[in-house]
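Come along as I look things up one by one.

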Amino acid sequence: MNSNITANTISPETLKAEYVTPENCVFSKNKNSFLAATVSGKDYARVILTRALPLAMPDSYICISDIDKNEIGIIEHISAFSEEQQLLINDELSQRYYCPVITKIESIKEKMGHFYFDVMIGDFKKSFAVKDISKSIRQHGDAIDLIDVDGNRFRIVDFDAIPSKSRRKLEPYLY
Amino acid sequence: MATKKGKHPKPPETEKGKFPKSLMLELNKAGLDTQSLIYCCTGDMDNEACYCSSWLSFDDKGLYIALGEEEEIKTKRKSKREKLETKYTVNHIQSIPLDDIDALETERYVSTGRLIIKKDGEQSGLLRFSIGRIAQFENFVRAFNSYKEKGKAEILSSAETEEKKCRKCGKSCPPDKDFCPKCNKKSSTALRLFKFFGGYIPQIVLIIAIMLLGTAVTVFVPQISTRSLFDDVLANPDGLPAAELIKALGVLMLSIFGVRLLSTVLTVIQQYITAAIMPKVVYDIKLKIFNAMQRLSVNFYSSKQTGSLMERVVRDANNIYWFFIDGVPALIIDTATIIGVVVIMFAMSWKLSLVTIGAMPLIFVCLFFGDRVFRRLHHRSWLYGARVSAMVSDNINGQRVIKAFSKEDDEYERFSKVSGEHTKADLKLSLTEATAFPILEIFVMGLSTVVLGIGGVMVAKGEMTTGTLLSYIVYLEMLRGPFDFLSWISNWWARCADSAQRVFEICDAKPDITEKENAVSFENLRGDIEINELEFEYEPARPVIKKLSLNVKAGYMLGIVGKTGAGKTTIANLIARLYDAKEGSVKIDGIDVKDLKLTELRRNIGLVSQDIYLFIGSIADNIRYAKPDATMDEVIAAAKAASAHDFIMKLPDAYETRVGAGGQKLSGGERQRISIARTIIQNPKILILDEATAAMDTETERNIQNSLTQLKEGRTTIAIAHRLSTLRDADYLAVIEDGKIIEYGTFSELIKQKGEFYKQYKIQSEALKTIGIGAEIPTDNKEDEQ
């Protein structure tokens with residue numbers, strides 16, 4: 001048994017992640033409009049950003065990976081980067097995490113265990129079906145995610161900001 | 001699908017991998033030559049993820065992306081039957097020459113996907129789509145890439161070009177259905193439910209007859225008890241002689257008692273017959289669900305929660321039971337009561353009846369809105385209740401962890417919060433009930449008062465007798481119960497139909513794994529396994545096995561190693577045909593497993609896995625699970641071969657020890673040895689050991705290895721293991737990484753190669769050395785060692 005391994009070996013200090021900072025990382029767009037980066041002097045023709053806490057802290061703990069999904073590092077908070085760099089980061093994240101935003105709920109009809117939603121996504125009228133409603137509605141803060149039978153996700157960004165009629169329609173199914 | 005044939009409009013037939021003809025015409029008009037299109041796919045977004053219709057296709061010259069809109073229109077034909085038509089508008093077509101594309105691929109994001117073009121190692125984004133369409137896009141990519149590579153588009157037999165749409169309303173519907181559940185009419189559910197009563201038609205006719213008779217008797221009661229009492233006995237202006245009065249009262253009392261008695265007897269008979277039928281019907285329903293569940297494939301169980309499936313067998317069947325045992329009789333009785341009472345009321349006084357009927361719509365409106373409010377409140381209370389139940393279940397299952405982290409107080413707080421919310425929801429429901437019902441009561445009371453006032457005037461004018469007025473009021477009161485019931489029977493039926501739909505969903509579910517009509521049997525199985533270009537994915541666009549090929553000769557042992565998630569267990573599942581491959585084949589003795597009889601295949605494959613499941617019953621019962629007629633001699637011999645006999649004999653009840661849920665606690669090693677004995681008694685020709693000893697300590701593992709060596713004798717064996725030392729006996733080893741074979745050969749060959757296998761073996765050997773059981777890394781080949 002290795003006697004050097006003690007409970008003290010694993011301390012909060014040793015668990016601290018290696019962060020990517022503006023000092024060691026510069027983002028840019030490649031010629032096909034994908035996000036590229038130079039991290040610690042190494043060039044990556046395309047990088048992928050993924051949020052560790054996409055719902056609670058969308059701007060913190062963002063993992064940078066190469067195209068083969070090998071992790072390069074983690075951004076602790078994007079505010080550490082310049083405005084121009086933040087724009088690039090946010091553009092990449094908004095594409096990956098894009099979710100159609102529901103602005104109005106026209107109707108919710110329940111038939112045989114399925115819930116049929118007619119909603120407005122901006123000016124576009126969208127209909128979708130949700131099964132097992134208590135599991136398909138996810139609340140996080142003021143936002144609500146609805147997941148339909150095909151796995152498509154729709155978001156209400158601020159439940160209090162949608163029209164009161166729409167709120168009343170969805171409210172019975174929230175808890 | 002229970003819907004009547006030909007009742008709904010039929011969508012136009014579309015050739016596999018092609019657009020509908022009307023769309024082809026529109027694309028043609030917009031300048032696209034649709035004659036030579038090879039494969040087509042429909043999307044729902046543009047490159048900026050804005051919703052629109054997108055149509056993707058390719059031919060031998062290029063890739064084409066058309067953007068536009070589509071609209072479902074119902075038109076009436078000459079036959080007056082509706083026809084569903086789609087109107088397409090093409091706004092823009094983009095062409096990309098085939099030479100500008102090396103390959104296509106899809107990228108999966110959170111809620112969307114993206115089609116990517118690859119050219120000279122560079123990627124560029126082409127089109128976005130909703131994540132629900134990724135399977136269609138994957139099929140398109142496959143067809144395109146294969147065409148670019150081989151000049152022939154690979155089109156999967158299961159490939160769907162377009163999203164499946166309901167044949168009635170045109171909205172999305174589940175892939176295995178022609179109608180969305182919304183258009184799957186409730187009447188058809190009702191019809192299917194009534195079919196369960198098919199064997200009891202005489203009893204049902206008798207029940208209905210009794211109920212109608214009982215209702216007629218009940219409706220007749222006020223005529224005697226109120227009208228006759230007041231008009232014929234009490235209201236005689238000259239007064240009856242005492243003897244006659246007593247006689248008349250006696251006759252009246254006996255009549256009332258007799259009518260009430262008759263009504264009660266009829267109710268008892270009706271309930272007795274109903275109670276005799278219903279448990280049998282529920283038994284049939286439960287049996288049907290259970291039988292259907294046994295037919296379904298492993299994939300079905302992976303996508304459903306155990307609790308939800310158990311609910312279907314128990315709770316949904318009971319929901320149906322209570323609706324039919326309480327709801328349907330009450331519905332018949334109350335409908336008959338309303339009809340009977342209204343007829344009598346009109347016969348007594350049509351003027352008063354008109355006043356009453358005039359107020360009815362108002363009552364209905366109150367009941368309708370009240371019902372909507374209560375449904376919401378009930379649903380909310382149910383949701384909170386479900387959350388409380390889930391938390392209790394979570395807490396019970398996680399007790400060891402809770403105690404290990406000393407989190408009892410935090411758990412209490414968590415439960416207290418959720419339970420508090422449930423209490424609040426219940427409180428709101430109770431308060432609303434407490435407020436709404438008295439208001440409704442006052443309204444109905446007000447109606448009675450108005451009727452009483454108008455009736456009083458009519459009595460004073462001599463248009464009506466006192467007895468008639470009082471019995472009229474009694475009839476009015478008699479209507480309250482049935483109307484109240486009818487206001488929420490729809491809610492009750494909705495719940496029953498909802499349960500029935502879930503029941504039928506299981507009964508109608510098509511197993512993923514089905515046996516061909518002309519499936520073949522083994523005459524004399526040798527055990528040769530041949531895997532060709534195998535491809536498999538649990539979710540679209542997330543391949544687990546990628547064009548994997550390997551052969552195992554009969555009687556040989558193949559060891560499969562690889563990291564967690566490499567696809568090792570999936571290979572085992574595909575050999576046993578627990579899942580079907582997306583592409584490629586698994587052949588046993590040269591016959592594709594899809595062509596074999598399932599029982600025959602499974603009987604010849606023994607699976608010993610890390611997850612050991614012992615059924616509730618004795619150890620002997622569990623050992624003879626695969627061969628229920630095995631003699632005790634065979635059971636003991638199998639237990640001895642699996643090194644299980646010794647520990648079984650040390651248990652107080654030996655082979656009769658109860659195991660499974662609530663039974664004797666056995667260690668992981670003991671349970672595994674029972675499962676090995678179970679497989680030995682099955683005597684399969686092909687043996688799959690899927691991490692059989694992964695959860696065991698080294699000592700137990702060594703003991704079990706002896707059992708496994710016994711088991712492997714004379715069989716084709718596929719052993720999957722993390723601990724490479726357990727695979728030293730393997731004739732060949734395959735190292736799997738990311739669904740592909742990266743190294744293949746004998747143990748010594750792989751050691752010599754000094755690749756991934758060597759690296760892993762070295763790490764593990766050195767780790768084992770630190771606890772004094774490590775083996776030296778061999779330098780020569782296996783044959784030399786032996």
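Predicted model: local features only at pLDDT ≥ 70, side-chain atom pairs only at ≥ 80, totals over all residues.

**Entry 1: a hairpin in chain A**

I began with a pair of residues: F27(A) stands opposite A37(A) in β2(A). Strand β1 (residues 25-29) of chain A and strand β2 (residues 35-39) of chain A run antiparallel and are joined by five bridges. I noted that strands count as paired if DSSP finds at least two bridges between them. Helices (H or I, at least four residues) and strands (E, at least two) are DSSP runs, numbered from the N terminus. Between β1(A) and β2(A) lie five residues, and the two strands form a hairpin. In its turn, S33(A) has a positive phi of about 70°.

Residues are numbered from 1 along each chain as its sequence is written, and chains are lettered from A and ligands numbered from 1 in the order in which they are written.

I looked up pLDDT, the predictor's confidence in each residue, from 0 to 100. Chain A averages 84, with 87% of the residues scoring at least 70. Residues 1-8 of chain A fall below 50, and this stretch has zero contacts in the model beyond near neighbours in sequence. A contact here is two residues whose C-beta atoms, placed from the backbone, lie within 7 Å.

Chain B averages a pLDDT of 80, and 85% of its residues score at least 70. Its residues 1-13 stay under 50, with 25 contacts beyond four places in sequence. Residues 780-786 of chain B are also below 50, with eight contacts beyond near neighbours in sequence.

**Entry 2: a sheet in chain B**

In which order do the strands of the open sheet in chain B come? I found β5-β6-β7, three strands with antiparallel pairing. The edge strands, β5 (103-108) and β7 (122-130) of chain B, each pair on one side only. From one strand to the next the twist averages 25°. Strand β6 (residues 112-119) of chain B pairs with β7(B) over eight bridges, and G113(B) stands opposite F129(B). Helix α2 (residues 134-150) of chain B packs on this sheet, touching β5, β6 and β7 of chain B, and its direction makes about 160° with that of β5(B). Axes are lines fitted to C-alpha atoms, for helices over the stretch in contact, and angles run from 0 to 180 degrees between N-to-C directions.

**Entry 3: two helix pairs in chain B**

I checked helix α4 (residues 201-234) and helix α5 (residues 242-295) of chain B: their axes come within 9 Å and cross at roughly 160°. That makes α4(B) roughly antiparallel to α5(B) (over 145 degrees). Their contact has 22 nonpolar, ten polar and one charged residues.

Next came helix α15 (residues 632-641) and helix α17 (residues 668-682) of chain B, packed at about 125° with axes 8 Å apart.

Conventions: Parallel < 35°, antiparallel > 145°, perpendicular 65-115°, else oblique. Nonpolar A, V, L, I, M, F, W, Y, C, P; charged D, E, K, R; others polar.
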